[in-house]
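Subject: Structure handover

Hello,

Here is the structure you asked about, with the sequence alongside. My notes on what turned up follow below.

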Amino acid sequence: MNLDESIERLEELIAEVRQTSLEDDKTALGSALALRKEARLMNEGDSLFEVVVFGDLNDFKQLNDDYSHEAGDVAIYSVGQVLAKLVAQIPNAKGFRQSGDEFVILLPNESVPEFLSLVSALGSIRFSYQEQKGLRTAMSLGYAISDGKRSFSELLERAEAACQNAKAVGDGECVKWTEDLKLNPLVRKSAKCIKCLARVSWTGPRTVAPVRLRNCPACGEGF
């Protein structure tokens with residue numbers, strides 16, 4: 001192999017590494033690095049994306065505690081597959097796994113109605129792990145629309161706040177960020193009874209939210 005061929009092969013390897021770094025290692029979505037590149041373009045005003053959508057898995061810690069972190073990885077992969085198929089149906093949309101069980105979707109403003117018509121698919125996602133068949137996970141989401149003045153990080157923060165309200169509404173819900181959410185956000189508290197194993201949740205305004213749930217309504221025992 002002469003010098004020119006060596007240089008050409010090196011350039012090919014660099015291109016392969018660069019491409020791999022933009023692909024998430026657990027899903028069919030873009031990586032955190034790819035998301036940062038898109039964020040930079042949005043901040044510079046050189047992007048067609050005007051909407052930031054944020055979602056993470058509901059009760060993900062409980063899933064890990066009940067079935068192991070490996071089962072959690074399978075859940076992340078399954079959600080990623082559903083998200084990838086969903087994003088593929090929307091022109092000019094892109095999906096990313098930001099970290100852990102956190103996902104971000106970028107949309108042009110005109111694609112929001114189509115996205116909202118499909119998001120219910122994230123309300124119940126079935127998967128299996130080893131001997132545990134028919135396991136279920138779900139996601140709720142929030143989104144923020146750019147006003148031309150906000151940075152990507154500000155839009156993401158708003159989308160995360162809207163996502164917390166969506167969780168209080170239910171699985172597969174997607175809530176738009178508004179100023180009202182900032183003033184009086186909804187929160188959802190959940191726990192699992194150690195006696196009867198019932199799952200218990202509470203939803204309401206943050207200002208009156210309990211620090212923790214105290215009694216199981218199914219068996220009356222304290223947590």
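Predicted model: local features only at pLDDT ≥ 70, side-chain atom pairs only at ≥ 80, totals over all residues.

Glu38 and Lys94 form a salt bridge through their side chains, with N and O 2.7 Å apart. Glu38 belongs to helix α2 and Lys94 to strand β2, so this bridge ties together parts that lie 56 residues apart in sequence.

How many salt bridges does a search of the whole structure find? The count is 7. Another of them joins Asp24 to Arg97, and the closest N and O atoms there are 2.8 Å apart. This pair, too, links distant parts of the chain: Asp24 sits in the loop between α1 (3–21) and α2 (32–43), Arg97 sits in strand β2 (residues 94–99), and 73 residues separate them. Asp24 is buried, at a relative accessible area of 11%. Arg97 is buried as well, at 9%.

A further bridge stays within one helix. Asp65 and Lys61 meet at 2.8 Å, N to O. Both residues are in helix α3 (residues 60–67), 4 residues apart, which is about one turn of the helix. An α-helix has 3.6 residues a turn, so residues three or four places apart point the same way. Asp65 is partly exposed, with a relative accessible area of 49%, and Lys61 counts as exposed at 62%. Elsewhere, salt bridges with shared partners join Asp24, Asp25 and Arg97 into one network.

The number of aromatic ring pairs comes to 0. There is a charge over a ring, however: the charged end of Arg158 sits over the ring of Trp177, 3.9 Å from the ring centre.

Arg158 is also one of the buried residues of helix α6, a list that includes Phe152, Leu155, Leu156, Ala159, Ala162 and Cys163. Asn165 and Lys167 are among the buried residues of α6 too. Helix α6 covers residues 152–169, and at 1.5 Å a residue its 18 residues should span 26 Å. Its end C-alpha atoms are 26 Å apart, which agrees with that expectation. Just after α6, Gly170 takes a positive phi of about 150°.

Next, a strand pair. Strand β4 (residues 125–129) and strand β5 (residues 132–137) run antiparallel and are joined by 4 bridges. Which residue of β5 is the bridge partner of Arg126? It is Arg136. The hairpin of β4 and β5 has 2 residues between the strands, and in it Gln130 takes a positive phi near 50°.

Last, Phe115, which is found in helix α5 (residues 112–118). Is Phe115 buried or exposed? With a relative accessible area of 1%, Phe115 is buried, because the cut-off for buried is under 20%. Leaving out residues up to four places away in sequence, Phe115 touches Val53, Leu86, Ile90, Ile105, Leu107, Leu141 and Cys174. Of these contacts, Leu86 is 29 residues from Phe115 in sequence, and their C-alpha atoms are 8.0 Å apart in space.

Regards

Methods:
Residues numbered from 1 in each chain as written. Heavy atoms only, no water. Phe/Tyr/Trp six-rings, centres within 6.5 Å; stacked < 30°, edge-to-face > 60°. Lys NZ or Arg CZ within 6 Å of the ring centre and 35° of its normal. Salt bridge = Lys/Arg side-chain N within 4 Å of Asp/Glu carboxyl O. Buried < 20%, exposed > 50% of the residue type's maximum accessible area, 1.4 Å probe, protein only. Expected span 1.5 Å × (residues − 1). Pairing = 2+ DSSP bridges. Contact = heavy atoms within 4.5 Å.
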